[in-house]
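Keep the 3D view open as you go.

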Amino acid sequence: MPGFEMRFPATEVAFGAREFVERIEEPFLAHHSLRSYLFGSAMAAREGLEPGDDYDDELLFLACLLHDVGLTDDGDGDQRFEVDGADLAVRFLRERGVGEERTRVVWDAIALHTSPGIAGRREPEVALAQRGIAVDMSGQGADLLPPGFADEVHARFPRLDLEERFADAVVAQVLANPAKGVPMSLPGELVRQRVPSAHMPTWSDMVAASPWRDA
């Protein structure tokens, strides 16, 4: 797909969402969200998917842009950050008159963005958001991007030590409120790996604590 361009939806709600994210998120998260949209769009183009015909470009942008708002002070609640973020995104969109079906798609995309294998079975905007986010976070699928495109995107929106700072933000939330670290979720696993003294429950721990004795 030669000549794939770096562009964003030019709608009122898209502009408002970008202003909102850049106000409440640190730049390392805001840059990650913008790159995720660009990479998700590039993946769509690679598969021959056309915005407007095969997927809703504005919804993909909103899902990618808002997917980490649960890691901000504004979005920090009592649930895992993905769900807190999805709830805040829906409140933001409803206040701007976005309809319920569209907000539901954004909610699903944000809540499921750390759930590969599930997001991919949902609407195309949900699946593409998860793929774009994964490309940016871990490089999974980066070899499928147009030659030189990732370099252009990173030059415009630098990574700013995303991997470490993202993990630090997730861990800090869970240490402050263990309810946000559901066992075997991404937040719970990050705490288990990075803070062994926190004693995050494993599958074996949960089975051992069960009142049922299957064996």
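1. A term to start with: a residue is called buried under 20% relative accessible area, exposed over 50%, and partly exposed in between. Aspartate 76, with a relative accessible area of 40%, therefore goes down as partly exposed. Bear in mind that this is a predicted model.

2. Now to that residue's partner. Aspartate 76 pairs with lysine 180 in a salt bridge, and their closest N and O atoms are 3.2 Å apart. Look at where the two sit: lysine 180 is in the loop between α8 (162–176) and α9 (186–194), while aspartate 76 is in the loop between α3 (57–66) and α4 (81–95), so the bridge ties together parts that are 104 residues apart in sequence. Is lysine 180 buried or exposed? Its relative accessibility is 1%, so lysine 180 counts as buried.

3. That pair is one of 23 salt bridges in the structure. Another one to find joins glutamate 189 and arginine 192, at 2.6 Å from N to O. Both belong to helix α9, where they are three residues apart, which puts about one helical turn between them. Glutamate 189 is partly exposed at 27% relative accessibility, and arginine 192 is also partly exposed, at 38%.

4. Next, have a look at arginine 96 and glutamate 95. Their side chains form a salt bridge of 3.4 Å, N to O. Glutamate 95 is exposed, with a relative accessible area of 62%, whereas arginine 96 is partly exposed at 43%.

5. Some salt bridges link up into a network. Which residues take part in it? They are Glu101, Arg104, Asp108, Arg122 and Glu123.

6. Last stop: histidine 67, back in the loop between α3 and α4. With 1% relative accessibility, histidine 67 counts as buried. What does its side chain meet? A polar atom of the histidine 67 side chain lies 2.6 Å from the backbone oxygen of cysteine 64, and there is also a polar contact of 3.1 Å with the side chain of aspartate 68. Leaving aside residues up to four places away in sequence, histidine 67 touches His32, Ser33, Ser36, Ile110, His113 and Ile133.

Key
Residues numbered from 1 in each chain as written. Predicted model: local features only at pLDDT ≥ 70, side-chain atom pairs only at ≥ 80, totals over all residues. Heavy atoms only, no water. Salt bridge = Lys/Arg side-chain N within 4 Å of Asp/Glu carboxyl O. Helix = DSSP H or I, 4+ residues; strand = E, 2+ residues; numbered from the N terminus. Buried < 20%, exposed > 50% of the residue type's maximum accessible area, 1.4 Å probe, protein only. Polar contact = N/O pair within 3.5 Å; in protein donor to acceptor, adjacent residues only side chain to side chain. Contact = heavy atoms within 4.5 Å.
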